[in-house]
Amino acid sequence: MRVADEAAYRAGVRDWLARNLPAAWHADRPGYRAPSMPELYDWERRLYQAGYAGMAWPKACGGQGQTIAEHLIVNQEIGRIAMPLSVNSLGKELVGPILLAIGREDQKTRFIPRLLNMDDIWCQGFSEPEAGSDLARVRTRAEKSEGGWRINGQKIWTSLADRAHYCLLLARTGSAEDRHGSLSLFALPLASPGVTIRPIRQMTEAEGFCEVFFDNVKIGDDALIGTANEGWRAAVEVLSVERATNRMYRGWRFENEFRHLVAVCAAEPALQPLLQDSHIRQQLAATWGDIEIVKRYATDVVARLAAGGRIGQYGSFMKLHWSEAHQRFAVLAL
């Protein structure tokens, strides 16, 4: 993308957001009001219809048919303002890329346009009570049956499962001794008979996580994504890129939060002296350095991909640095 084109494209994104994002949805303003779930669905649908979701995905699958460069610009402008986060992030950040990488053509054209248009909400059925981050211990089983599969097992910490239409399910289709080599991915409709979803109320009274039970759930052969027993390898290969290209807005949202903290302190007489404290100023400077590193990761990933390079483990560095830096910032803000 040429510089002149980039400037014009950025101006268009910024102008559209300024005209269409309700003022009450800016989380860094005194009049903030959390939007309802229907409002968020409608907002994300409008973002997509305006051309600002699925940026680098093929048009044949419902995407915008653009490049990773436009994807970065949209993320920068979305991060610049404190707008609501996606309620279908799993669909856009995990399901879509996996389908594009290993899904059949009919799965791509069936699922991707609907998740972009917010017709289908997705959740991720990976973690289990005794297999949290160690997915090689997954025990939910998918047994081959006539014309399809029979699912039995349990998932936990499944975000927004009570609002989702589909679950990207990781299930064991072979021997447990094979660990990673006997796992498969499925697109499981949550309205299927035998699915039970129970919301988990957290100690903060917040909701969102769920536990999901599968009791002889029958799904068709068309629900299998990719090849049986190849789910782990496919997911890892896709995620090596997606860790780096998803939520590229993080650095610019981080900057927004930083500026908001400083503005609040500058406007409040009781807090103004903190901004002159040498120790606090050093921490603020260190935070600004962290922000610039996160932003640089994003722009560097785009440059690497545009040059045909591989991402590999580099994508994990970006997520790790942001996570630790954002925790340090939260401690400073508190």
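Reply: The radius of gyration is taken over C-alpha atoms, and the globule rule is 2.2 Å times the number of residues to the power 0.38. The model to which this is applied is predicted.

Me: What makes the radius of gyration of the protein chain agree with that of a compact globule?

Reply: For 334 residues the rule gives a value near 20 Å, and the protein chain has 21 Å, so the two agree. Along the principal axes, the C-alpha atoms fill a box of roughly 70 × 50 × 35 Å.

Me: Why is Cys61 called buried?

Reply: Buried means under 20% relative accessible area. Cys61 has 5%, so the term applies. Cys265, at 11%, therefore counts as buried as well. Buried residues make up 47% of the 334 residues in the protein chain.

Me: How many disulfides does a search of the whole structure find?

Reply: The search finds zero; the criterion is a pair of cysteine sulfur atoms within 2.5 Å.

Me: How do you know that the span of helix H5 agrees with its number of residues?

Reply: The 12 residues of H5 (residues 105–116) should span 16 Å at 1.5 Å a residue; the end C-alpha atoms are 17 Å apart, which agrees.

Me: Which residues of H5 are buried, and why are they said to line one face of the helix?

Reply: They are Gln107, Lys108, Phe111, Ile112, Leu115 and Leu116. Seen down the axis of H5, the buried residues fall within an arc of 120 degrees, so they line one face. Their packing partners include helix H2 (37–49), helix H4 (89–102) and strand S4 (166–172).

How values were computed. Residues numbered from 1 in each chain as written. Predicted model: local features only at pLDDT ≥ 70, side-chain atom pairs only at ≥ 80, totals over all residues. Heavy atoms only, no water. Helix = DSSP H or I, 4+ residues; strand = E, 2+ residues; numbered from the N terminus. Expected span 1.5 Å × (residues − 1). Buried < 20%, exposed > 50% of the residue type's maximum accessible area, 1.4 Å probe, protein only. Arc of directions from axis to C-beta. Contact = heavy atoms within 4.5 Å.
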